[in-house]
Amino acid sequence: PTSAQVIAVPQPGRFHYTLDNNVLTTEQRQFYEDNGYLLIKKLVSDEDIERFRKEFVRICKKEVNPPGAMIMKDESLRSQYGQSEKGVNKVQDFQEDKELFRYCTLPEVLRYVECFTGPNIMAMHTMLINKLPDSDKQTFLHPMHQDLHYFPFRPAARIVCSWTAMERADEDNGCLVVQPGTHKQPLKPHGYPQWEGKTNKLFHGLLDEDEKIPRVHLVMEKGDTVFFHPLLIHGSGINKTSGFRKSISCHFASSECYYIDVKNTTQEHLEKELVEMIRKKYDTTSVELRDIWNFRARLVQGERINL
């Protein structure tokens, strides 16, 4: 079900995950409270999506090279396709690419983001995902996970992901799959699933998954945008079509959020892996997790307070 199809019974004074403003209806707020996500139809224009798509192709062709961007490729396809979108699975950390970063500043997106973060908004983490057609050699299945596993800042309720479909996303091409209501659960231990050689770097998943919790496939049309809580358990299936399923997303947080020390927590091993990756890439020794996030973070509305 999408948020528009569910009638919720409002309970005044019981909103923990949304803030008072006049953008969301009481029913929409209650839906997010209960389920941890909210789907808004046709939020981003076809014109904007076309501009993002063109910029992604330019990055794949190396016509532009945004500083700090992580371009994730399927190495097994390089010899076949060379530098083209057919071999690039994801562009992450595109905060230095003016054209793609426009997504994080779209007034129609920020209008909704503010309902979750409040008026001081940081864009913390950006991704354009190009889900490639799958084969036996590689997989772009993303295991069920909670995004908060990747984030060393809190409180979780003031963080939200905005995820926009750049074309129709359904079960055939690997749409998002969510477990409604799991945003009320704590952060769970994550790691690499026991799949034989079929995991991408940093694609962590839940180590102990509850198969009994129902799953909802979010079928979305081009421009539809889902906002979801960082503790909501979600993932995506494989792309069984011959096309490429693109989406663009940003995790936003209130600038009033604060960094935490992840040592001696379930996130500690992620910190080690990420820091090691950055040290190798930039040939540096003195980098900490907070430095990586300071480099990614951009103020998009209001004032910068903590983050």
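**Exercise 1. Work out how strand β8 sits next to β11.**

Solution. Start with the link itself: β8, residues 176-178, and β11 run antiparallel and are joined by two bridges. Strands here are DSSP runs of E with at least two residues, numbered from the N terminus, and two of them pair if DSSP finds at least two bridges between them. Next, look across the pair: V177 stands opposite H217 in β11. Now zoom out, and you'll see an open sheet of four strands with antiparallel pairing, in the order β5-β13-β8-β11. Its edge strands are β5 (142-145) and β11 (216-217), each pairing on one side only.

A quick word on the ground rules. This is a predicted model, where local features need pLDDT of at least 70, side-chain atom pairs count only at pLDDT 80 or more, and totals for chains, interfaces and linings use all residues. Residues are numbered from 1 along each chain as its sequence is written, and side-chain values use heavy atoms, with hydrogens and water left out.

**Exercise 2. Check the span of helix α2.**

Solution. Helices are DSSP runs of H or I with at least four residues. Take 1.5 Å times one less than the number of residues. For the 15 residues of α2 (residues 46-60), that should give 21 Å, and the end C-alpha atoms are 21 Å apart, so the two agree.

**Exercise 3. Find buried residues in α2.**

Solution. Buried means under 20% relative accessible area (1.4 Å probe, protein chains only). In α2 that covers, among them, D48, F52 and C60. Across the protein, 56% of the 307 residues count as buried.

Conventions: Buried means under 20% relative accessible area, exposed over 50%, partly exposed in between (1.4 Å probe, protein chains only).
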